[in-house]
Amino acid sequence: MKTILKTTICIKDICEGFEYNEFEGKGLFGLSGKLTIQPEYQRNYIYASDGGRREMAVIESILKGYPIGLIYFNKISESNLEVLDGQQRITSIGRFVKDKFAIKDENGHEQYFGGMARDKQIKILETKLLIYECEGTESQIKEWFKTINIAGVPLVPQELLNAIYSGQFVTLGKEEFSNSQNSNIQKWSAYIKGSANRQAFFETALDWVSKGNIDDYMSSHRNDKNINELKKYFNSVTDWISSIFVDVESEMQGLEWGRLYDEYHKKNYDLKKVSAEVKKLYADPYVKNRKGIFEYILGGSVDSKLLEVRIFGHDANKEKVWKLDEMDADHVSAWSKGGATSIKNCEMLCKTHNRAKGNR
């Protein structure tokens, strides 16, 4: 890969023609349209996700004369460049110049670029950036991109895969699942951990449809012109979850819903009984693992190891009057260990705790 150091490009040049899409969080173009700031393989803009501290730090560094690090452009033709490394910093600069956020001045007052003293505006606009223009094959460029630690925020695995398999499929996938303005994000967040900007929903959708083989799936679908299969499967899983478990609980977030869907979605469930069972188990002080409640119910309420039920050697709930259909008769000394099947070796336990006891 060939690189050439450029020292004459200033912030004013970069921001010429800068466009920012509020809905997708993208700084799309700069250098009068010559520079693509967020090519397909780039991650989403994340510098605003921590309350804006990182994007404000970029501007404050420029005003103090501190270097903001090397920036790399990929030269894709004589008249077109794309950002290889530095997208977050460039987007921060462009957003500030376009008055998308403010910084604090020396007196603690908010200052937008448009309201700053002219000398400060000039200092920002005339700051020159250290930029390397790179030329190479697609595989060379992407291999280089994978090694980059962007401003101290390492790429997550899905961001790396997006870079490796960039194309129409990834672009459409990010538009659907990595757009923090998508109205479905709140619903999805009940079942999936993470943020849209860091590719959590896109990664989960791919994990579910590929049965865990994300890399293979992205490779085989890289040139697809639509994401219909991905969306259909993802929606099937989320719709199934919400149809079975009407009440949303915090412990539902981050469960292996793709696996559970594959295993149980063909079974029929009495929704009233499911809801009642969830409430009963949530109220049970002996249930240690609430995250296991949902798979426990889906599996027919038999694998009580999922609940990590605490077993005590005394009748801690002696005030409760148990109904007969809530009880099991069982061996005191396990039959599998030589315990006799007799009245003397019999005890009555509630069903949940008897099943958790196993052969003890």
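I looked up the buried residues of H13 and found Val274, Ser275, Glu277, Val278, Leu281 and Tyr282. Buried means under 20% relative accessible area, exposed over 50%, and partly exposed in between (1.4 Å probe, protein chains only). These residues cover an arc of only 160° around the axis, so they sit on the same side of H13. I noted that the arc is taken from the directions from the helix axis to the C-beta atoms. On the other side of H13, I found Lys272, Lys273 and Ala283 exposed.

A note on the source: this is a predicted model, where local features need pLDDT of at least 70, side-chain atom pairs count only at pLDDT 80 or more, and totals for chains, interfaces and linings use all residues. Residues are numbered from 1 along each chain as its sequence is written, and side-chain values use heavy atoms, with hydrogens and water left out.

Next I checked what the buried residues of H13 pack against, and it is helix H11 (228-244) and helix H14 (293-298). Helices (H or I, at least four residues) and strands (E, at least two) are DSSP runs, numbered from the N terminus.

Then I turned to Glu40. Where does Glu40 lie? I found Glu40 in the loop between strand E5 (35-36) and helix H2 (53-63). Glu40 is partly exposed, with a relative accessible area of 37%. Leaving aside neighbours within four places in sequence, Glu40 is in contact (heavy atoms within 4.5 Å) with Ser166, Gly167, Gln168, Val170, Thr171 and Lys174. Glu40 and Lys174 are 134 residues apart in sequence, yet 9.1 Å apart in space, C-alpha to C-alpha.
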